[in-house]
Amino acid sequence: MDLIKTVQNYITKMVDNVSGMKVLLLDVETTPIVSVVATQSFLLAHETYLVDRIDNKGREKMKHLKCVCFLRPSHESVQHLIEELRDPKYGEYHLYFSNILKKTVIERLAEVDENEVVREVQELYADFSAINPDLYSLNLPKHMPIYGDSPQAWEGRAFQRAVDGVMASLLALKKKPLIRYEKMSTMAKTLAQEIHYQIQQENQLFEFRRADTPPILLILDRRNDPVTPLLTQWTYQAMVHEMLGIHNGRVDLSSVPDIKKDLKEIVLSVDQDLFYKKNKFLNFGDLGANIKSYVDEYQNKTKSNIKIESVSDMKRFVEEYPEFRKLSGNVSKHVTLVGELSRLVGELHLLEVSELEQSLACNESHASDLKTLQKMIENSRISDRAKVRLVLLYALRYEKSPNNAITTLIELLHRNGISELDIKLIGTVMQYAGADQRQDDLFENENIFSRGKNVFKGLKGVENVYTQHTPHMANTIDQLVKGRLKETSYPFVDGSTRDKPQDIIIFMIGGATYEEAKLIAQLNSSIQGVRMVLGGTTIHNSDSFINEIREAYSRFPSSISPYGSRSNWR
């Protein structure tokens, strides 16, 4: 179940099926789907000399070229295609859609093809962005919020997009699953039931070879684990997304001090970048050691005797030896990236912040954690953002504790100049995912799956940082793989099985995280005979997660507005 290869095979089929010089037309949603798995050189090798957007009205007429269209079957894209076919710019058109095409759409396209330029119409189920071989995202845009008029209700367009995306992933992987969902999540139940209905409606498309044990589609809700997306990350892929943001495989470094022009935007591709592929799940210390070994190797070749002991030493070496950048541009890209991560770790005092985050997430040590937290709120070197996140983690853990100090901490935030808007967020998150909203006891068995306190090592300047936390999803998957996941908590939509599943597709409503992606990859490599993929409405870091909740509650009716003022906690 390799999502990247699956999407690449679809793209190869499109461009290989059409011989000769061609143009590839994409829409706003298929552009990132293609760009994260296919390079320009790959497309050129398949005689695709131009890639453009179907909504670009300024394209020239080039009748000598054939046109391959890869579009979502959305209303907007179909409308653009209809306008294109009424006044065709290319000699012939080969239409590929990323999902199931309605009969009415096919009829409309046939009606407008008066010039008889359409040669074929096919469905290729690449309606998701394949980030890792076992991770995909629907990349729901900011203008398409997932919540409707409450945190239990879907927004209509986002719901349809989720249905389409999950259906496409099942068709791409050739799986007809039994569907399970979190019982307490109304949104998970609604999505599960609709996908089951759509599979029944499109039964012929799902006539795959029967597996020994039925595949499982497990639909989860972010509200059941709000802790994972709030934590500072310390493995490469997750760390880059948390501190800098990864968007469609690209990282914007334009705001980095003294950044070279050619490094203002860099590409991180699991498929094209071997160093990134090998190191994406490594912790920051081991990552630094691996990059240092690359630089050491080059030093040996050039007989350079510059002493390199820290991340800043490596960065300086790369800047002073431009021939190194030419020889190993990919590694110099990662040296720059790790250098910026290292700078941010120091500037934002993330080692101190993360240690307390981990303790709040994983350990029951109320007195000492509270004392440390109060000191951090009063520490001017700690960012406001980190202070609010720490109070959020404290409130999530100790909400039901009779001696909690949530009110005291909120008063302390006020006294230390934190904005009313940010303080209000604490009440918002508690209403979104407090203990009464969660299906499982998030903190009860945290240490069962903990790997213990693994200390970072390798490079000077990278201090010891604890990485105890394991996503709550680990517990659920462990029970599922062992055949012990309770139907009372995770019911089937239809049918049931006591067989231990071999193929598991997990979909996270409200967004997955790179920490969870790392968990899935670890389980795939360690559990024999079980294959898993993880998908989500988006891939969150702490900022995007908080912003999504904040934006949703700003739209909800006043009857469910969040509580965040001082009086609400008394």
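1. What percentage of the 570 residues of the protein count as buried? In this predicted model, 56% of them do, where buried means under 20% relative accessible area with a 1.4 Å probe and protein chains only.

2. On the basis of the model: it is predicted, so that local features need pLDDT of at least 70 and side-chain atom pairs count only at pLDDT 80 or more, while totals for chains, interfaces and linings use all residues. Residues are numbered from 1 along each chain as its sequence is written, and side-chain values use heavy atoms, with hydrogens and water left out.

3. The protein has 21 helices and 15 strands, taken as DSSP runs (H or I of at least four residues for helices, E of at least two for strands) and numbered from the N terminus.

4. Leaving aside residues up to four places away in sequence, Ile195 touches Val166, Met167, Leu170, Ile179, Leu217 and Ile219, contact being heavy atoms within 4.5 Å.

5. Among contacts in the protein between residues at least 6 apart in sequence, 79% join residues at least 24 apart.

Definitions and conventions. Buried < 20%, exposed > 50% of the residue type's maximum accessible area, 1.4 Å probe, protein only.
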